[in-house]
Structure formats: structure tokens, C-alpha cells
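Trainee: I would be grateful for a close look at one part of this protein, namely the metal site and the loops around it. Please take me through it in a connected way.

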Amino acid sequence: MDKKALFKLGYGLYVLTAQSDGKDNGCIVNTVLQVTSDPSVVGVITVNKQNFTHDMIMKSKKFNLSVLTTETPFAVFENFGYQSGKTADKLAGYTGVARSENGLVYLSDYTGAYLSGEVTGTFDFGSHTMFKAEITAGEVLGAADSLTYAYYQQHIKPKPQDSAKKGGWRCNICGYVYEGDPLPADFICPICKHGASDFTKIT
Ligand code: FE
């Protein structure tokens, strides 16, 4: 199967944040669905197991979801996409976050709205877990349009000629470029969620 075909599907881009043992963490996810709004608001999110944020949600059963806007700079993807967060502290020195009532951080900048979720079910799909959650809080933060994958590709992602000069590793699925070498073994593509095995070294 050509996995690139999956990216003809529509996706959004979101920052998922969680906390356990007093540590905050976050990652980029692209699969979020509202399932019902009555009697309670239920949603599902799908998270790559290699993200440490995934483990935190398994433990704490809570998360925040920040809906990114078209104003989001590439630096946000770099910050939340580059490592699993097991050893790195992605929130240390990161400005543009606030804390919601559930105690978790959300992005206050580049975010059209955030939602707080409490997990009521988990579904194992091999590389990913799908979390079913009750949405317990939500706040609109701005009027800017929500970021789609297509918009990211056209307007935010660095142009291929710029990144080719710098070298690194390119995601076979979505074209995301990691500007460094070696590629960390626990690297998760911040855009399409595929792991290090789906990257090719730029030569
Ligand atoms: Fe990718």
C-alpha cells in the first residue's frame, strides 16, 4: 500500500497536551472527531503510542486539545514534534501557554479554541490508541481559521529547496523535513504521526 494515499484524506492539525507526575508534555495530532453532542459531548482522538503524551493520557485519563490556526508558525511544529518528550521538556521556556481548570496546559497563542477531555474508553489499534473522551470544557480563543493539513503544506511548511540544502531526513508520507542527523529513534513525524522508519535520509 502507498501510505501517501492516506494523505489525500482531510486532516486538521492540533496540539495535544497532558500531564503526569507533575510533568507537562504535548504532541501534534491530526485525527480528532466529534462523535456526539447529546446528552454529553463525546469526541475521539487518535495518538501514536511512541509519543510520551500518549502514555501520560493513559495514566491520567485527561488531556487538552488546542486547535491550531492558520497563523501558526513552523516553530510550533518543531517544538511539539521533534521528540517523544520522554527526556526533553517541550514546555520549558515555551511561552504562549496557559493552564485550564483541569490543571493542564493549552496553547494560548495560535489557537482558535481549546477543549478539555476526560477519557472514558481506550481502543488499541497497534501503532496508535484511540481515546474516547467526554469533552468537559471548551473555550473559543480567537476568530482565525482552523489549520488544515492542506494549508500547512501550502503556507507553513518550509519549501523543499530550502530544506534540501540543509540536509536531514524527509518523511516519506507527508514530506516533513527533520533538519538534523541522526534522526532520533523515537522521532514521530509531527504532521502525519508516522515514526522514524518512514523517513529517508536526504542526500
Ligand atoms: Fe510525515
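Mentor: What follows is an account of the metal site, and then of some backbone features in the loops. Please keep in mind that the model is predicted.

The metal is an iron ion, and its protein donors are the SG atoms of Cys-171, Cys-174, Cys-189 and Cys-192. In sequence, the donor residues follow the spacing C-x2-C-x14-C-x2-C. Within that pattern, Cys-174 and Cys-189 are 15 residues apart, and the pair links distant parts of the chain. Cys-174 sits in the loop between β10 (168-171) and β11 (177-178), whereas Cys-189 belongs to the loop between β11 and β12 (199-202).

As to geometry, the four donor atoms subtend angles of 100 to 118° around the iron ion, and the arrangement is therefore tetrahedral. The criterion applied here is that all angles lie between 85 and 135 degrees. For comparison, the ideal angle for four tetrahedral donors is 109.5 degrees.

The phi angle of Lys-193 is positive, at about 75°, although the residue is not a glycine. With a relative accessibility of 10%, Lys-193 also counts as buried. Pro-182 is found in this loop as well, and a cis peptide bond joins Asp-181 to Pro-182, with omega about 5°.

A cis peptide bond connects Asp-38 and Pro-39, where omega is about 10°. Pro-39 is located in the loop between β3 (32-36) and β4 (42-48). A positive phi, near 60°, is found at Tyr-110, which is a residue other than glycine. Tyr-110 lies in the loop between β7 (105-107) and β8 (111-125). Its relative accessible area is 34%, so Tyr-110 is classed as partly exposed, whereas Lys-193 is buried.

Technical notes: Residues numbered from 1 in each chain as written. Predicted model: local features only at pLDDT ≥ 70, side-chain atom pairs only at ≥ 80, totals over all residues. Heavy atoms only, no water. Donors = N, O, S within 2.8 Å, 3.2 Å for Na, K, Ca; no water. Tetrahedral: all angles 85-135°; square planar, octahedral: opposite > 155°, others 65-115°. Helix = DSSP H or I, 4+ residues; strand = E, 2+ residues; numbered from the N terminus. Buried < 20%, exposed > 50% of the residue type's maximum accessible area, 1.4 Å probe, protein only.
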